[in-house]
Amino acid sequence: MQISDTSAIVTGGASGLGGATAAALAKGGARVFAFDLPVAIEKAPRVDGITYVPTDVTDPEQVQTAVDTAAADGPLRTVVNCAGIGPSARILSKKGPHDLAVFRKVIEVNLIGTFNVVTLAAEQIAKTDPDDNGQRGVVINTASIAAFDGQIGQVAYSASKGGVVGLTLPAARDLASSGIRVLTIAPGIIDTPMLATVSDEFREALAAGIPFPKRLGRPEEYANLALSIIAQDYLNGEVIRLDGALRMAPR
């Protein structure tokens, strides 16, 4: 599928995986609408071809307005969901049981937010004219290897990302009749702002556990995979791990 002269949505598009993907799509000729929270957008670099849209992915009205904005500059062909949070807590710890509000918030942002954007964006993509192969668009969601190898303290995060994995195939089947593909990338340890505060020693320890290459992943590698998925029309309904063959230990 071609992205030049089309519209694209990237959630969490102000930094990290989303920021790299938004920049790559813009470089490829897409008109990119980067959804993110205002505090993140304030710190985002200004890049030609990227329009930042303040959006809380858990708010249906905000997402609807933002999707309509992107579709008005269409045709809307691409959606990449990168927005997410990852607080850590054990089910039981010295502080007591896991805070239900924290668990609910992680599910709301990572899973319900993804579903919210997929649903409202798919409605607009389905209204566009198909290409010569009957294709109208592609949705790429972001899970994590924690969906498969969740560590101690990742119960909320793993549950939310496992949900993203679980919706991939049925979403692809649901949207097949509209000519919309749905895929998911499950990244391993990527060097994003979430790791900005850790020490070099901790980074080296993380990298040492990765079979090959023995380093942290780069946001640009996620972006390159996303563009490859967009270009490969026969890819659909699949979850692709991007992790250097890492399988996470319990801690």
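Predicted model: local features only at pLDDT ≥ 70, side-chain atom pairs only at ≥ 80, totals over all residues.
Two packed helices are described in general by the angle between their axes and the distance between the axes. The crossing in which α3 passes α4 is right-handed. On the α3 side of the contact stand Pro60, Val63, Gln64, Val67, Asp68 and Ala71, and these meet Asn116, Val117, Leu120, Ala121, Glu123 and Gln124 of α4.

Helix α3 may next be considered by itself. With 13 residues, α3 reaches 18 Å from its first C-alpha to its last, which is close to the 18 Å expected at 1.5 Å a residue. Which residues of α3 are buried? They are Val63, Ala66, Val67 and Ala70. Seen down the axis of α3, these buried residues fall within an arc of 100°, and they therefore line one face of the helix. The face turned away from this buried side carries Glu61, Thr65 and Ala72, which are exposed.

What do the buried residues of α3 pack against? Their partners are the strands β1 (7–11), β2 (31–36), β3 (50–54) and β4 (76–81), together with helix α4.

Asp68 and Ala172 are 104 residues apart along the chain, and their C-alpha atoms are separated by 22 Å.

Another helix, α6, spans residues 155–175 and contains Leu167. At 17% relative accessibility, Leu167 counts as buried. Leaving aside residues up to four places away in sequence, Leu167 touches Leu111 and Asn141. Between Leu167 and Arg46 there are 121 residues of separation in sequence and 33 Å in space, taken C-alpha to C-alpha.

The backbone also deserves attention. Most residues other than glycine have a negative phi, and most peptide bonds are trans. Where in this model are the peptide bonds from Gly74 to Pro75 and from Phe212 to Pro213, and are they cis or trans? The bond from Gly74 to Pro75 is cis, with omega near 10°, and Pro75 lies in the loop between α3 and β4. The bond from Phe212 to Pro213 is also cis, with omega near -5°, and Pro213 belongs to the loop between α7 (200–208) and α8 (219–231).

Asp5 has a phi of about 65° and is found in the segment before β1. With a relative accessibility of 55%, Asp5 counts as exposed. Ala245 has a phi of about 70° and lies in the segment after β9 (239–242). Its relative accessible area is 47%, and Ala245 is therefore partly exposed.

Technical notes. Residues numbered from 1 in each chain as written. Heavy atoms only, no water. Left-handed = near helix turned anticlockwise from the far one by under 90°. Helix = DSSP H or I, 4+ residues; strand = E, 2+ residues; numbered from the N terminus. Contact = heavy atoms within 4.5 Å. Expected span 1.5 Å × (residues − 1). Buried < 20%, exposed > 50% of the residue type's maximum accessible area, 1.4 Å probe, protein only. Arc of directions from axis to C-beta.
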